[in-house]
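Keep the picture open as you read.

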Amino acid sequence: MDNERIKLLGLVVGAIALIVLKPALAAGIFLFGVVVGLHEAGHMICAKKAGMRVDAFSIGMGPALWSFQRGETEYRIAPIPFGGYVHIVGLDPEEEGAADDPRAFDNRPLWARALAIFGGPLANYLTAMVLVVLVMMAWGGRWAVGVVSVSDKSPAAAAGLQGG
């Protein structure tokens with residue numbers, strides 16, 4: 001059995017054990033991974049739309065447990081579930097070869113660099129708006145506010161407000 005299969009088997013056994021023994025913790029880790037993935041996807045999509053080269057997209061930190069290449073970007077799942085990253089060429093000013101690459105972060109115009117940086121928070125806001133709309137569509141009518149009763153000598157009664 002090669003190293004890749006052993007790592008994948010260990011990941012599957014560990015995930016099953018976590019789900020069985022601590023399902024709430026497993027759900028929390030999974031949802032945090034979804035939030036991290038959406039945030040990092042915002043950075044990556046904006047960077048690519050702005051003409052930057054993205055070499056890696058990772059959910060999790062550390063060495064890749066599972067990865068695949070699509071185009072010029074390597075997509076990874078890593079074992080430490082406390083974050084993620086997108087490797088945009090030239091984001092590190094000391095990166096070798098980035099100075100000559102026209103698609104490197106530092107060689108793009110200011111608007112493109114700002115778009116790549118704010119892409120993650122933008123994805124967070126868009127996710128929140130979509131979730132609010134979905135919750136309101138599902139349960140919005142049940143939250144209607146109404147007047148049950150009005151005290152006789154209150155300003156509301158003097159204004160003609162009635163309960164019901």
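Q: Which element gives the largest share of the nonpolar patch?
A: In this predicted model, helix H1 does, with 6 residues. The patch covers about 830 Å² of surface, and its members include Leu8, Leu11, Trp66 and Phe68. Strand E2 (66–70) also gives two or more residues.

Q: Why is Leu8 called partly exposed?
A: Leu8, which sits in helix H1, has a relative accessible area of 39%. Partly exposed covers values between the buried limit of under 20% and the exposed limit of over 50%, so Leu8 with its 39% is partly exposed.

Q: Why is Asp101 called buried?
A: Asp101 has a relative accessible area of 14%. Buried means under 20%, so Asp101 qualifies. You can find Asp101 in the loop between strand E4 (80–88) and helix H3 (110–139).

Q: What makes the pairing of the Asp101 and Arg53 side chains a polar contact?
A: The two side chains meet at 2.7 Å.

Q: Which residues touch the most other members of the largest nonpolar core?
A: Those are Met52 and Ile88, in a core of 13 residues. Helix H2 (23–49) gives the most to this core, with 3 residues. Among the residues that Met52 touches are Ala47, Ile88, Phe105 and Ala112.

Definitions and conventions
Residues numbered from 1 in each chain as written. Predicted model: local features only at pLDDT ≥ 70, side-chain atom pairs only at ≥ 80, totals over all residues. Heavy atoms only, no water. Helix = DSSP H or I, 4+ residues; strand = E, 2+ residues; numbered from the N terminus. Buried < 20%, exposed > 50% of the residue type's maximum accessible area, 1.4 Å probe, protein only. Polar contact = N/O pair within 3.5 Å; in protein donor to acceptor, adjacent residues only side chain to side chain. Core = buried A, V, L, I, M, F, W, Y, C linked by side-chain atoms within 4.5 Å. Contact = heavy atoms within 4.5 Å. Patch = residues over 30% accessible without salt bridge, like charges linked within 9 Å, V, L, I, M, F, W, Y side chains within 5 Å. Areas by Shrake-Rupley, 256 points an atom, 1.4 Å probe, with all protein chains shown as cover. Salt bridge = Lys/Arg side-chain N within 4 Å of Asp/Glu carboxyl O. Lists of a residue's contacts leave out its neighbours within four places in sequence.
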